[in-house]
Amino acid sequence: MMTMDNLAKLGLTLLVTSVIAACGGGGGGSDDDGGTQSQVTVSGRLIVPSFVVTDSDVNDIETVPSPNHPRTAAQQVPNPVNIGGYVNLAGFGQSGNSFSTGDREDYFLINMTAGQTLLLNIADLDSADLDLYLFDANGLEVDRSIGTAKFESLVVPADGQYYVRVYAFSGASNYLLSIGLTPAAALPPGALRLSTPFVPGDILARFSNPSTQAAKPVDFTLNKFEFVDYQGDTGGVRLLKLKQDSGQAAFRQAADTRLSPEKQQKLDTLLAIKALSKRSDIVYAEPNYILQPLAEPNDEYYGLQWHYPQINLPQAWDITTGDNSVIVAVIDTGVLLNHPDMAGQLVAGYDFISDPAMAADGDGIDSNPDDPGDGVQGGSSSFHGTHVSGTVAASSNNSQGVAGVAWDARVMPIRVLGRGGGTSYDFVQGIRYAAGLSNVSGTLPAQRADIINLSLGGSASDQTSRDAINAARNAGVMIIAAAGNENTSLLSYPASYEGVVSVSAVDINRNRAHYSNFGSVIDIAAPGGDRRVDLNGDSRPDGVLSTGGDDSSATINYQFVFHNGTSMAAPHVAGVAALMKAVHPALSPAEFDTMLASGELTTDIGATGRDDLFGHGLIDAFKAVQAAQQRGGGGTPVDPTLSVNPRNMNLSNNIQSATLFIEQIGGDLGTVQITEEIAWLSIAPSQADVAGFGSYTVSVDRSGLAPAAYAGTIAITAGSATASVEVIMQVLDASLTGDAGTHYVLLVNNSTSAALQQFKVEAGGDGANYSFSQVGPGDYLIIAGSDMDMDGFICDAGESCGAYSTVSQPSVITVGSTNVTGRDFTTSYEYQSPSSQALQGSQPSFIFPRLDVQ
């Protein structure tokens, strides 16, 4: 866990192990070489996930480019995969490998299955326009996405081998290309895809000046395209008809002549829209889409929230989605009050950070719990409390963003963590306020909280905090806390205080997450995720998806981001407690503890009964809500349902097996029947009962299979209930391994944020070793990243980045008189969720200058 400024005051820090982080804090380290005292070596290994690949011809002059164009020179990549790359027109971008000659296109050869998605994230949207193409094995175009927004996306229509092309229509930019099993509903809206049904030649356009719009003649020309104003001004939008052969030839590529006449007309329409969208007098231009009845998930990214089905939350929602009289206090960094997915979900809170320097909002204690950010030089802010609050109760059924566990409950945001963490004094005031007890503010909430979530902690135990927690519990408040991310059995507080429900974290396979604390004080487990892997094949790291923000630019951009940590596990439990309170208003902390100990709230995983890894087991939302409902004397019987998790499995690359869970909820479904007619797949019970409910090991046998992507479906029935699991498996060419490209590992002075030493490595295969010599006593950070665009900075938008121990919360390395070894960490491309309009933002990252580029 990172030790930051003012840690001596207590050391309360965020219990999260990935995404955005602030750099700095702490003391130590000289401004040059760490001093002339005993000097030692600091070393470790840079780990590269197998799903990370780097474009083979980037702009960095320290790399030796291997062109991946034209199509016949395509770079072969695995599946699923995150590809980081760079393209540019000649004379655009920074001086480097491709500045003079240009590197306009990158081709990748990949085996894909029907329904897989391709998502192109353009890093430098202000200076470039990149497009995305898909070709079949014979080089025939299948589809393209050629809009002008930050994201381009495509869907694979059928199983087969494909060429994927990233093309620089203009300018120069880094990019991130993600290929996997993302649900189509989770792709960004508004992509200009050739395959999308629309009326060829029709364009809907809105001019920025209505009077200018009204003054346009019936026939007019814009950007060489000639239009007929077919319908005139209707509600501020004009329906324009594109004249054939009016100026399209100037924008076509040589390969476009191979398109059918219908596709050519559709392409001309998209090219005209692309040109119009760049004009200052056009607010927007878009196709005249052909509409069909659709049935889509309500929250656009719910399909990426694997962690909810894991705890049987959808079945619990059939009983209740919470109640607005139930309040969960999130004592954390505050909340981005204007985040669209938190609209209507908050009650009044408070800011209890007493030190103005830590508060970063211009004053000390005040009534505004809005999170101004906790970032310092070199890094973006965490907006940790916003992520936690979104998991508890993000607005749902609003056709945007993500879902919250108890979306009809309300969150009371209380701010006690700022720059450098927080203090026990501020923490105690937040606890007392949430519980409706006297505090330094001299005010009380209109209604106290029913539940307090504490996704924070430190190693110190103090009586003041213990007393405040006891007082809150005596007032009837349930207190849920993250167990800590140090992978240790050492006690972390407040989770280890008596009367606090301590939550450990599991990954997508229900194994203890690699970072999660364990030991005798663990009460319960919940999803915390693991961003190092992608086991469900959706081309996203298996973290917990929730609300977030990015303040790396001048303004705060509202986002949806993946984190992992016990900080993410705790609000799952707090949200379920809110659902329980909605159906059983008299639920008390003592009764909650009794239900937990008796197994009414959990699915037992690990050793039978309570154990030190998972406590009493994994939180089961349906089981908990149903038990609370029965204790409350209400409710009606719910038909038994079948729960199968995960619903997608990625057995790609070097993964040989995964775990499948089949459970019955709410009654007896009879006997499980599993059907799979997949020659390379086998399913064997691991811990299943006589009826077939329990866990199974799903294994693959790649013997004799040619390199390709393979897909299949596992069908599961129990009584009248049915479910299916989509499986993707990759047989790779032996030469294909993870490759994050050339990396620059920096030794950073923790006090000044100045980089002191640099070590260059080729981050390919299973990783690369680094070592710093002649390091003097002091406190340091280790940051690593690529510089694909050759701008002299690592870790900027679209580039791979890592930090010891995680990029979200770098750990301070204290150097004394002995060598420091084993400081291993992962580097990867940071996935950023696509979102529409004001929800778009740039990739959060550290940005540090290379020492070899002036």
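This is a predicted model: local features need pLDDT of at least 70, side-chain atom pairs count only at pLDDT 80 or more; totals for chains, interfaces and linings use all residues.
Tutor: Residues are numbered from 1 along each chain as its sequence is written, and side-chain values use heavy atoms, with hydrogens and water left out.

Student: What makes C795 and C801 a disulfide?

Tutor: The rule asks for a pair of cysteine sulfur atoms within 2.5 Å. The sulfur atoms of C795 and C801 are 2.2 Å apart, so the pair meets the definition. A search of the whole structure finds one disulfide. The link is right-handed, with 90° about the S-S bond.

Student: Are C795 and C801 buried or exposed?

Tutor: Both are buried. Buried means under 20% relative accessible area, exposed over 50%, and partly exposed in between, with a 1.4 Å probe and protein chains only.

Student: Why is the contact of K278 with D129 called a salt bridge?

Tutor: A salt bridge is a side-chain nitrogen of Lys or Arg within 4 Å of a carboxyl oxygen of Asp or Glu. The closest N and O atoms of K278 and D129 are 3.0 Å apart, so the pair qualifies. K278 sits in the loop between α2 (261-277) and β16 (282-289), while D129 is in strand β8 (residues 128-136), 149 residues apart. Helices (H or I, at least four residues) and strands (E, at least two) are DSSP runs, numbered from the N terminus.

Student: What makes R415 and D351 a salt bridge?

Tutor: Their side chains meet at 3.1 Å, N to O. That pair links distant parts of the chain: R415 in strand β19 (residues 410-415) and D351 in strand β18 (residues 350-351), 64 residues apart. R415 and D351 are both buried.

Student: How many salt bridges does the rule give?

Tutor: The count comes to 18. One of them joins D852 and R850, at 2.9 Å from N to O. Salt bridges that share partners join D60, D787, R850 and D852 into one network.

Student: Why is D852 called partly exposed?

Tutor: D852 has a relative accessible area of 38%, so D852 falls in the partly exposed class. R850 has 3% relative accessibility, so R850 counts as buried.

Student: Why is M595 called buried?

Tutor: M595 has 0% relative accessibility, so M595 counts as buried. M595 lies in helix α9 (residues 589-597). The C-alpha atoms of M595 and A624 are separated by 8.4 Å, though the two are 29 residues apart along the chain.

Student: What makes α6 a mostly covered helix?

Tutor: Nine of the 11 residues of α6 (residues 424-434) are buried. Among them are F427, V428, I431 and Y433. After α6 comes G436, whose phi is positive, near 75°.

Student: What makes β32 and β35 a pair?

Tutor: Two strands pair if DSSP finds at least two bridges between them. Strand β32 (residues 657-665) and strand β35 (residues 694-700) have six bridges, in the antiparallel sense, so they pair. A658 stands opposite V698 in β35.

Student: Why are β30 and β34 called edge strands?

Tutor: The open sheet has four strands in the order β30-β32-β35-β34, with antiparallel pairing. β30 (641-645) and β34 (681-688) each have a single partner strand, so one side of each is left without a neighbour in the sheet.

Student: How do you know that β37 is largely enclosed?

Tutor: Eight of the 11 residues of strand β37 (residues 721-731) are buried, so the rest of the structure largely encloses β37.

Student: Which strands are joined to β37 by bridges?

Tutor: Strand β31 (residues 648-651) runs parallel to β37, with four bridges. Strand β36 (residues 708-718) runs antiparallel to β37, with 11 bridges. I728 in β37 is the bridge partner of N650, and I728 is also the bridge partner of A711. β36 and β37 form a hairpin with two residues between them, and G719 in the turn has a positive phi of about 65°.
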